[in-house]
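Welcome! Let us walk through this structure together, one question at a time.

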Amino acid sequence: FLTATTGTLYGKARASITTLQGNTDAMSSAELSLNQMRKMRRTVLVNGADVRNLIFVTSYTQGDKYRALMQQMQRMTPTSAVAGFVGRPELDGIPIFEEQHASAGDLLLIDMDVTKLAVQRSPSVIEFGRTGDTRKAAIVMYFNLYCVNPNHNYLSSGLATT
C-alpha cells in the first residue's frame, strides 16, 4: 500500500481520507520522460512531501532509458575520451536508485520520511529435526513495508520496456 488509492488497511477505508490517497499513473507503454518525472515530483511536493526525503526507485531498464535521455544533452570534451555517467544519477536533486527486483516498466517516487519498515517477527530459528549426525533448520523473519502518507509517494507503471 505504498501508492494504493483504494481498498482497506486494518479495516479503515483509505479512499475517504485525502492524505491517504496515493498517486498512480498507468502509462500504457509510454516512453519515460523528464516531464513525467517532474509531474511526479511536483504532485508529491504539493501534497506536502519534502524534496530532501524523496528518491526514485526503478528497474535497470528505466535507469538505462533515463541515461539515454540525459546522453542526448551531453557533449564530450574534445580532449577527453570519457563517455557515459559516473556516480548516482539524479533529477532535480532526487537520486535515482535501480533495483533488480523492480518491474521493468515501473518508476516509483518514494518519500523516505513516511515509508517505514516494521519487523513483524524477529529473526527466529526453526529446526526441522535431526538427520543422523546433522540438524536441519531455517532462519525466518517477517517484516512489513508500509506508508503512513501514501499521497507523498507516486507510481508510474506500464512504461515502455523496449
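**A hairpin to start with**

Q: Which residue in the turn of the hairpin formed by β5 and β6 has a positive phi?
A: Strands β5 and β6 form a hairpin with 2 residues between them. Strands here are DSSP runs (E, at least two residues) and helices are DSSP runs too (H or I, at least four), numbered from the N terminus. In the turn, a positive phi of about 50° belongs to Asp92.

Q: How confident is the predictor in this protein, as an average pLDDT?
A: This is a predicted model, in which local features need pLDDT of at least 70, side-chain atom pairs count only at pLDDT 80 or more, and totals for chains, interfaces and linings use all residues. Residues are numbered from 1 along each chain as its sequence is written, and side-chain values use heavy atoms, with hydrogens and water left out. The pLDDT is the predictor's confidence in each residue, from 0 to 100. A score of at least 70 is reached by 82% of the residues, and the average pLDDT is 82.

Q: How many contacts beyond near neighbours in sequence does the stretch with pLDDT below 50 have in the model?
A: The stretch in question covers residues 8-15. A contact means heavy atoms within 4.5 Å. Beyond near neighbours in sequence, the number for this stretch is 16.

Q: How many helices and strands does the protein have?
A: From the N terminus on, the elements run β-β-β-α-β-α-β-β-β-β-β-β. Counted up, that gives 2 helices and 10 strands.

Q: Which strands are the edge strands of the open sheet?
A: The open sheet has 6 strands with mixed pairing, in the order β3-β10-β7-β4-β6-β5. Two strands pair if DSSP finds at least two bridges between them. Pairing on one side only is what marks the edge strands, β3 and β5.

Q: Which residue of β10 is the bridge partner of Thr24?
A: Strand β3 spans residues 23-26 and has an uncovered face with Thr24 and Ala26, while Asn23 and Asp25 make up the covered one. β3 pairs with strand β10 (residues 154-157) in the parallel sense over 4 bridges. Within β10, the partner of Thr24 is Leu155.

Q: Which residue in β6 stands opposite Phe56?
A: β6 also pairs with β4, in the parallel sense over 3 bridges. Here the residue opposite Phe56 is Ile96.

**Helices across the sheet**

Q: At about what angle does helix α2 run to β6?
A: Axes are lines fitted to C-alpha atoms, for helices over the stretch in contact, and angles run from 0 to 180 degrees between N-to-C directions. Helix α1 (residues 34-46) lies across β3, β4, β5, β6, β7 and β10, and runs at about 155° to β10. Helix α2 (residues 60-71) lies across β4, β5 and β6, and its angle to β6 is about 135°.

Q: Is Arg52 buried or exposed, and what is its relative accessible area?
A: Buried means under 20% relative accessible area, exposed over 50%, and partly exposed in between (1.4 Å probe, protein chains only). Arg52 forms a salt bridge with Asp50 (2.6 Å, N to O), and Asp50 is partly exposed at 27%. Arg52 is exposed, with a value of 71%.

Q: How many salt bridges does the structure hold?
A: Arg135 and Glu127 form a salt bridge, with the closest N and O atoms 3.4 Å apart. Asp64, Arg67 and Glu98 are linked in a network of salt bridges. For the structure, the number is 6.

Terms used:
Salt bridge = Lys/Arg side-chain N within 4 Å of Asp/Glu carboxyl O.
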